[in-house]
Amino acid sequence: MRDETPSTGRRPDALELRAHAWLRLLKSGNARVADAQAVVRWCALSEQHAQAFKNAQRMWHDLLPAAALAGMHDAQLAQVRTSVHSKKIVPMSRRAFLGGAVAAVAVAGVALVRPPLDLWPSAADAWQSDYRTATGEQRGLALADGVQVEMNTRSSIALRAAGGETVGIDVMGGEVAVDVTRRERDFTVGAAGGRTAGRDARFELRYLDDEVCVTCVAGSVNVEAAGRSIMLVAAQQVVYDKNAIGPVQQVSLADVSAWRDGVLSFQQTALSQVVAEINRYRPGRVVLLAKKMSDRPVNGRFNIRHLDKAVAQIQRLFSLGATSLPGGVVILK
């Protein structure tokens, strides 16, 4: 990816880019003690080098809080983390810096289960799923007679079989659309301890952030979760988690199913939610640091294949500054 930022942003200088490169190495899980020593020497070259690395740490702190938690019991690391938020430049000792490298390696191990910024799929998904889609990918599957499943971006499913036939799936994360046509037995979709079943229906299930949203598009489906059972018909939706199930809501199917036509549709949607949705489809990560803008409403339809244009439109609409970093990371502030 180019290092040039959008037209209203600025171009990161060489020190910034190098500082972020060092930090990515330390947080990659592949760093060795020699790498940490090399970074210490680089920071010692000048006050500008040290400040560039401190600024990179500040940005990573905003993007990846887990890195700080990994060394939370180290007093010197705590001092470094505190100094990140002050104007005074606090010299970083070799012990503190090497401790940070060890913490980064520890975080990298945890990241196999929950990747930082969701920049790559978790190993847990890869090990347990039968099918999964990458960022921006959509995939259609014919799983059984009368059963078609379309997987949206960054989704993982595992098959459930009985008598040599696929009788259901478990959604481990992401979003699926299920078309079931005149089956003699229910086809079931499980997620977060709940179960959605139908024999002649079209429905969509979205499982993100420990919450499941089920929408009936046509026919009827039965949703069982948290000890309750609810029947949905076309244009009805319900949300549940492992503890409770919410009330039935009427929805606009054109907005809910827009992703199947390659479109993201937003109606009076908070900017923070729009950014989160864009991040599901776009490689890299868009980070909204302008917290005061988080609740500003957004209306619009964006082509999934051209989300960089959507980001640029959002930047202009809200007069935000933008900084582009390697790996597809864009900071809006």
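**Strands, cysteines and charged pairs**

Modeller: Strand S13, residues 263-270, is mostly covered, with 6 of its 8 residues buried, where buried means under 20% relative accessible area, exposed over 50% and partly exposed in between, with a 1.4 Å probe and protein chains only. Strands here are DSSP runs of E with at least two residues, and helices are runs of H or I with at least four, numbered from the N terminus. This is a predicted model, in which local features need pLDDT of at least 70 and side-chain atom pairs count only at pLDDT 80 or more, while totals for chains, interfaces and linings use all residues. Residues are numbered from 1 along each chain as its sequence is written, and side-chain values use heavy atoms, with hydrogens and water left out.

Biologist: Which way do S13 and S15 run?

Modeller: S13 and strand S15 (residues 297-303) run antiparallel and are joined by 6 bridges; two strands pair if DSSP finds at least two bridges between them. Within this pairing, Phe266 stands opposite Gly300 in S15.

Biologist: What about the open sheet of 3 strands, what is its order?

Modeller: The order is S14-S17-S16, with mixed pairing. Strands S14 (285-288) and S16 (322-325) stand at the edges with a single partner strand each, so one side of each has no neighbour in the sheet. S14 pairs with S17 (residues 329-332) in the parallel sense over 4 bridges, and Val287 has Ile331 in S17 as its bridge partner.

Biologist: Changing topic, how many disulfides does the structure hold?

Modeller: The structure holds 0 disulfides, a disulfide being a pair of cysteine sulfur atoms within 2.5 Å. Cys43 counts as buried at 14% relative accessibility, and Cys216 counts as buried at 0%.

Biologist: And how many salt bridges?

Modeller: There are 12 salt bridges, each a side-chain nitrogen of Lys or Arg within 4 Å of a carboxyl oxygen of Asp or Glu. One of them joins the side chains of Arg280 and Glu175 at 3.5 Å, N to O. Arg280 lies in helix H9 (residues 271-281) and Glu175 in strand S5 (residues 165-180), so the pair ties together parts 105 residues apart in sequence.

Biologist: Are Arg280 and Glu175 buried or exposed?

Modeller: Arg280 is buried, with a relative accessible area of 8%, and Glu175 is buried at 5%.
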